[in-house]
Amino acid sequence: MLILVAGVAALVIGVVGGYQIENKNLNKRLSVAQRTAEDLEIKNQAKIKDAVAKINQDIEEEVQDFKTEEEQDLLEQQTENQTRNEHLDVREKSLNSFSDRLDKIQESLQARQNDLQELQSQIDRTKNESKELQRKRHEIVYAKSGLSKEQAEQLVIQNTKTSLNRDYEITTRENHDFMVLNAAKDARNIMVEALQDGPVDVPRDHIERNITIPDEKIRNKVTGKNEQRLRLIETLTGVDLIFNPEAEETLIISTSDPIRREIARNAINEIIAARQINTGLIENIVSNAQQHVMDNLRIFGETTCSNLHIGWVDPDMMKLFGRLQYRTSYGQNVLQHSVEVAQLCGVMAAELGMDVQIAKRAGLFHDIGKAVDREVNGTHVELGVKIAETYGENPVVINSIAASHGDVDSDNPVSTLVRIADSMSGARPGARSESVEEYINRLKGLERIANAHAGVRDSYAIQAGREIRIIVDPKQMNDQQSDELTEQVCEQIEDELTYPGKIKVTTIRKLAAVQYVGGKPVPRKKHAS
């Protein structure tokens, strides 16, 4: 029991002692914290004082700067106000001076108005006096002439008409003589200007009638066994395909229809490029070539009509213009020729003050019959007139087509322009060209005709077949016979050959008598010894 009491007492004493020790430590820490807080407060007070001092200094500097700026602004405003006041003073003086001038002008105008009123009064008095004098003059004239007023007026009118008619006839005769004198010159100037400002000379598109297949394997691929594929292509395209006997690599496309020729040419080129060939593929290629050419007909026609600005054209007519792209005449592309004629007509019509659109339309339509002349009986002029009438074209255009080759008379100036432009387009250098075969055949034909006549020593076709020179034997033919030979050759060329433009025939007869001096040895004289 005593041990328990002693233990409890010791525990109590330990607890009390620990509490006192802890309380003492706590007081020490509290004292340290209090001193630290006081130190921090002293430091913060010092920082606050420094910050307040710096803020006050910054504020004083800003206030000083603001004060300086305000003083500067105030000084500038005062200067500006002073300048404005000076300007206002100058303006006021100017207004005063202007007001003085207006007053003087007003006084001057008032004086002039008074003078004008006085002058108007004098004019009125003069008019009245003039009327009175005129009345008295008329009375005297009527009394002396024995004519009434109406008779005198008719006499004056009649004399005036006679004088004006005489002047009109003289002026008209002078203008007519002047126009007749200068008509050829003016026409040449207009045609030259039309050639310069109208068509643009572009490289000619030659229509290919042959296809060259140099490789024998490709030729065999195209022809097939026993030429079955070639016969199939002929059946599908409606052309004749023949290999040139003199040049086996040349495949000739023989047909009078340019559309079929173009379809066959495109199809054969596609077949050559194909890797494998069979009947179905050939039929498909030919069908695609037909569709391609038909689409091009519409595209060519639409492009041509759009570029020329000739107004609305029926879509079927546009396809006919597209057909002309594959048609040639004397080696000249008919569509390009028609476009050139339209451009020439447009330029000349503008120079003459005529309807440019109608002139272009007539020029473009003048050869429209050539689009179907290989399929329908009749000349291209007759067919062109029927086509234009069917689609309701302007009568001026219809007459221009009919009169383009002199089949009918022109009844309007546009028809004359079309004929002139047609000749200009076909005759200008470089407009018409031919294939090599046609060119060589024409040269050979000219020389054959010339060499067939007796007395001809030799002949030469020169200038691309536009001139042939015939050299005759002067011992067999005299001058008169040479003239007759020239006429005979001209007539024979005109009857047997087809040629663009003109061909000049020149016959040359030259006799040269030649002797030589000193050709024989001269014997020496013997001297006496």
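Me: What makes a residue a contact of R327, and which residues qualify?

Reply: Contact means heavy atoms within 4.5 Å. Neighbours within four places in sequence are left aside, and the partners of R327 are then P258, Q332, N333, V334, K370, D373 and R374. R327 itself lies in the loop between α7 and β4 (328-329). The model is predicted, so local features need pLDDT of at least 70 and side-chain atom pairs count only at pLDDT 80 or more, while totals for chains, interfaces and linings use all residues. Residues are numbered from 1 along each chain as its sequence is written, and side-chain values use heavy atoms, with hydrogens and water left out.

Me: Why is R327 called buried?

Reply: Buried means under 20% relative accessible area, exposed means over 50%, and partly exposed is in between (1.4 Å probe, protein chains only). R327 has a relative accessible area of 8% and therefore counts as buried.

Me: What makes the pair S31 and R35 a polar contact?

Reply: A polar contact is a pair of N or O atoms within 3.5 Å; within protein, one must be able to donate a hydrogen and the other to accept it, and residues adjacent in sequence count only if both atoms are side-chain atoms. The side chains of S31 and R35 make such a contact at 2.8 Å, so the pair is inside the limit.

Me: How do you know which part of the chain is annotated as a coiled-coil region, and what does the model show there?

Reply: The unreviewed UniProt entry gives that annotation for residues 23-72 and 102-136. Such annotations may be inferred rather than shown by experiment. In the model, residues 102-136 are 100% helix and 0% strand, with the end C-alpha atoms 50 Å apart.

Me: Why is T237 called buried, and what does T237 touch?

Reply: T237 has a relative accessible area of 6%, under the cut-off, so T237 is buried. T237 is part of helix α4 (residues 228-237), and its side chain reaches the backbone oxygen of I233 at 2.6 Å. Not counting residues up to four places away in sequence, T237 touches R260, I263, A264 and V286.

Me: Why is α9 described as largely enclosed?

Reply: Eight of the ten residues of α9 are buried, so the rest of the structure largely encloses this helix. The buried residues are I358, A359, K360, R361, A362, G363, L364 and F365. At the start of α9, a side-chain oxygen of D355 comes to within 3.1 Å of the backbone nitrogen of Q357.

Me: What makes a group of residues a nonpolar core, and which members of the largest one touch the most others?

Reply: A nonpolar core is a set of buried Ala, Val, Leu, Ile, Met, Phe, Trp, Tyr and Cys residues joined through side-chain atoms within 4.5 Å. The largest has 39 residues, and V313, F321, L364 and F365 touch the most other members. At least two residues each come from several helices, among them α6 (279-308), α7 (315-324) and α9 (356-365). The largest share, nine residues, is supplied by α8. Not counting residues up to four places away in sequence, F365 touches I310, V313, M317, F321, E393, V397 and I401. A second, separate core of 25 residues includes I253, I259, A267 and V293.

Me: How do you know that β2 and β3 pair?

Reply: Two strands pair if DSSP finds at least two bridges between them. Strands β2 (residues 240-243) and β3 (residues 250-254) have four, in the antiparallel sense, so they pair. L241 stands opposite I253 in β3, and the two strands form a hairpin with six residues between them.
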